[in-house]
Amino acid sequence: MANNIWVYIDQFKGNPSQASWEAIGLAKSLAHQMGGGVMALVFGSGVEELAKTAFQYGATTAILVDDPSLADFRVEPYAATLAKLASKQKPEVIIGPTSTRVRDTFAMAAVDLGTGVIVDATAVELKDGTLQAVRPVYAGKLLTTVICKEKRPQMITIRPRAFPMPEANRGASGEINKAAPALAEEAVATKVVGYLVEEGEVSVDGAAIIVSGGRGVNGPEGFEPIRNLAKVLGAAVGASRAAVDAGWIPYPHQVGQTGKVVSPDLYIAAGISGAVQHLAGMRTAKVIVAINKDNEAPIFNLAKYGVVGDLFEIVPALTEEFKKRLGK
Amino acid sequence: MNIVTCIKQTPDSAAKLQVVDNKVTWGDSPLIVNPWDEYAYEEALLLREKFGGKVVAISLGPESALEALKTCLAVGCDEAYLVSDPTLAGSDASATAYSLAKAVQKVGEVDLVLFGKQAIDGDSGLTATMVARYLGWSLLSYVIKIAEIDPTAKTIKVERMMEEGRQVCTAKLPAVVSVIKGINEPRYPSFMGIRKASKATIPAWSASDLGLEPSKIGSTGSAIAWLDIYPMPVKETRVEMIEGETPQEIAAKLADKLIADKVV
């Protein structure tokens with residue numbers, strides 16, 4: 001059991017994050033080199049289905065902690081359960097996708113386990129028996145190679161979309177071991193009162209396509225054409241700090257150093273000049289399209305495709321074009 | 001209400017960074033208070049205005065971090081302490097959190113510890129969570145609104161920003177809270193504040209002042225090590241300009257490219 005690689009499956013209300021499966025993909029390739037299997041950790045309430053999905057992506061076994069006290073995410077019971085299981089079974093490696101939940105869960109469990117956490121890895125390789133992870137620091141301007149020296153487990157969160165998505169094998173199955181949560185409900189001081197979820201909007205976290213607006217959209221109503229294009233593409237709406245600070249769009253949309261760091265397949269920047277702080281949040285996008293009136297805007301240095309022109313003409317034209325092409 | 005705000009000194013977010021001999025340098029660009037931590041001290045000051053008590057700023061770092069602490073005094077924090085010791089060099093997030101937790105305990109009666117959600121240099125976002133664990137207090141992370149505090153009943157209600165939206169939750173005090181942008185508008189130091197801060201002496205706490213165990217701090221006490229650091233490789237992208245007579249023509253050409261690239 002000790003040489004199993006553990007993968008922590010991140011979920012919200014039973015919906016798993018895609019990066020959880022990417023983590024299984026990474027674990028599979030590491031298990032191939034280190035020996036042993038991949039064990040999925042599924043915590044939540046009514047989440048047995050996720051363990052079965054984990055088998056399809058390559059997990060060989062799973063620990064399922066299914067309990068009403070885990071219905072809402074709260075770090076204390078999640079971290080205590082992770083730490084208790086790991087201190088008993090002593091895995092070499094625990095991998096999870098980077099998210100607000102996994103960051104907190106791993107950080108708290110690491111204190112209990114006397115180890116550390118490597119967050120937001122974009123590459124991981126095995127060298128002399130130890131995992132070496134590469135991660136962006138200083139807002140993505142620099143990279144560092146990080147290791148967990150002697151302490152175990154080696155706990156790593158991986159950046160969503162940085163590792164390939166494994167193929168699902170519909171017929172695969174595995175053994176599910178059930179375990180109890182480490183804390184009783186009475187022992188958890190934090191209580192969840194409810195959620196204020198902005199309905200119907202795609203979050204920029206983990207989005208495959210992001211359409212972003214900046215100072216050039218000129219006001220809150222300027223995000224309408226941006227939203228229309230995003231809708232046709234099934235994309236999330238992003239924004240530069242200038243647009244957020246001006247109050248045109250709420251903060252969760254902000255991409256950049258003091259906002260979200262994203263790595264979509266396609267990033268369309270409309271009316272964004274490309275300040276260093278913005279580039280820090282989206283430079284790892286596979287394809288960047290810049291639409292700007294100013295042909296000297298720094299965003300063009302990073303873009304694969306550039307359009308010099310008025311976003312209020314180009315973006316609606318693109319929306320119409322994609323409506324036709326995508327049959328919407 | 002006694003509140004501790006933990007702050008880190010970092011290079012300016014607009015600084016041009018260079019790596020020389022595996023060390024990061026930023027020329028003559030100024031060192032600043034980590035931008036996320038400005039939201040933490042601002043929230044601490046707002047809570048003091050409402051409930052009374054004091055705000056204590058703590059920073060772990062080299063002596064240069066005194067400047068960042070002076071900024072905290074200039075905006076109105078009541079006290080500031082520097083945790084500084086050569087044996088702390090190379091501390092990872094956990095060793096840093098252990099040391100900060102000891103510093104919070106040395107302050108004495110504390111109801112709330114406030115952090116920015118992460119520092120813009122290491123970008124780990126682990127320290128607040130780990131401090132909460134070392135102290136054995138509740139953690140409320142990524143908080144965008146402190147909705148209620150009842151200092152007598154020792155309860156707190158907040159809105160936390162998760163990927164899917166806001167989670168509203170309650171917890172008991174004392175607690176550790178990490179905050180994000182949007183919670184407030186950090187104030188600027190006043191002229192009088194700057195004058196007062198420039199004259200202040202900021203006490204420094206060493207590892208032995210805090211009773212830190214040598215085996216738990218510095219590079220020897222850290223599980224995590226950075227082996228090297230280097231600039232992000234520059235992606236060789238020469239921008240391809242898409243031109244046309246009409247927006248429709250440009251849109252059609254661009255759509256061709258993006259479909260060929262398989263990104264839509």
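Two strands pair if DSSP finds at least two bridges between them. Helices (H or I, at least four residues) and strands (E, at least two) are DSSP runs, numbered from the N terminus. This is a predicted model: local features need pLDDT of at least 70, side-chain atom pairs count only at pLDDT 80 or more, and totals for chains, interfaces and linings use all residues. Residues are numbered from 1 along each chain as its sequence is written, while chains are lettered from A and ligands numbered from 1 in the order in which they are written.

Six strands form an open sheet with parallel pairing, in the order 15(A)-14(A)-16(A)-17(A)-18(A)-15(B). Strand 15 (236-239) of chain A and strand 15 of chain B stand at the edges; each has a single partner strand, so one side of each lacks a neighbour in the sheet.

| Pair | Sense | Bridges |
|---|---|---|
| Strand 14 (209-213) and strand 15, both of chain A | parallel | four |
| Strand 13 (191-196) of chain A and strand 11 of chain B | antiparallel | five |

I210(A) has A236(A) as its bridge partner in strand 15 of chain A. K191(A) stands opposite T170(B) in strand 11 of chain B.

**The contact.** Residues are in contact if their C-beta atoms, placed from the backbone, lie within 7 Å. Chain A gives 71 residues to the contact and chain B gives 68 residues. Helix 6 of chain B supplies the largest share of chain B's side, ten residues.

Note on methods
Contact = placed C-beta atoms within 7 Å.
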